[in-house]
Amino acid sequence: MISMSSKDIITLLHGAGGSYMHNLIKQIFMTLDDNFGDIGLQMLDDGAVINNVVFTTDSFIVRPIFFKGGDIGRLSVSGTVNDIAMMGGDPVALSLGVVIEEGFPIHDLEKIVNSIKNTALEAGVHIVTGDTKVMEKGSLDKIIINTSGIGFRSKQLDHDIETLRKTREPKEWLVPLNLRPGDKIIVSGTIGDHAIAILSSREGIGFEANVSSDVAPLNKLINGILEIGGVADAKDPTRGGLADLLNDWSEKSKLGIYIREEDIPVKDEVRAASEFMGMDILELGNEGKAVIAVSPEYVKDVLNELWSIPQGKDASVIGEVRKDIEGVILETSIGGKRYVGRPLGDPVPRIC
């Protein structure tokens, strides 16, 4: 019998958004790259751009499927809508692929589909095609949903790129290559809410945090700030959290990112729960927040726009892009500094 080491098999870390997953993608899946599209697989971004059409796909395996603040249905629409929006696209249409375990309650499926419908209405997108499969009882954990989506270049993005041309030669879409030293880093609200909500909804965790998931479509929020201008890139800090996102930006832009712990918005309940569980808040996943790199002269107006809507009321500048440092550096609340590396993976498995 041939034995295999952990290096020879897939583990949960390979799907958790950190260095394990990035290495897996680069070593295995990047062999598929043929440099097709305006923005293709080689960019390793939230989606692809082909002839000014943004295309993305995502699969959702969250446990539990119903949690504080949302469910797998709301998550599946929001996640795909946000991937399109974070590139500067207007999401228009989604596909819906559903794999269901034999014995799954029809009532729960109806609740999930109703949530999908309501979230699509909220985002202004349409479910236009889909597929349904059923697997034998015990061969699947309840339900898996895949949503793919398409969107078109937004007129707000055209305006935003024009404003960036005053200070740089930007790409035509929101990508990390647009970052320049001096750009400010904004987070649109409190981080870690989704991961802690998922944990507190699971049985046997041992604590009950009064935190709801932030899961929400953010396309209208992104369009609002693009209308102002100066936005170099935007991304939602999902698996791997803020730490993974900022490391990705630093690696692709070849610039350093300096952030301040005291400026990062975190709910007291989330901080307490993460400390209780021994988790780094910067690595916790989010499903309704955006991290935005903004040219300094537009920061005040972008913040005012974010503060004017419920989803951005806790927005804060947490740092800036710098050329005199490498990687991501955190200034701690007590004045020290520490390197923030790319996490192995999100400390909470199956959050999306």
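In which sense, parallel or antiparallel, do E9 and strand E11 pair, and over how many bridges? E9 and strand E11 (residues 291-294) pair in the antiparallel sense, over four bridges, where two strands count as paired if DSSP finds at least two bridges between them, and helices (H or I, at least four residues) and strands (E, at least two) are DSSP runs numbered from the N terminus. Within this pair, Val 231 has Val 294 of E11 as its bridge partner.

The model is predicted, so local features need pLDDT of at least 70 and side-chain atom pairs count only at pLDDT 80 or more, whereas totals for chains, interfaces and linings use all residues. Residues are numbered from 1 along each chain as its sequence is written, and side-chain values use heavy atoms, with hydrogens and water left out.

E9 and E11 belong to an open sheet of seven strands with mixed pairing, in the order E9-E11-E8-E12-E10-E13-E14. Because strand E9 (231-235) and strand E14 (337-339) stand at the edges with a single partner strand each, one side of each is left without a neighbour in the sheet. Helix H9 (residues 299-307) lies across strand E8 (184-187), E11 and strand E12 (316-322), and runs at about 5° to E8; contact means heavy atoms within 4.5 Å, and axes are lines fitted to C-alpha atoms, for helices over the stretch in contact, with angles from 0 to 180 degrees between N-to-C directions.

| Strands | Bridges | A bridge pair |
|---|---|---|
| E5 (residues 89-101) and E7 | 11 bridges | Asp 90 and Phe 152 |
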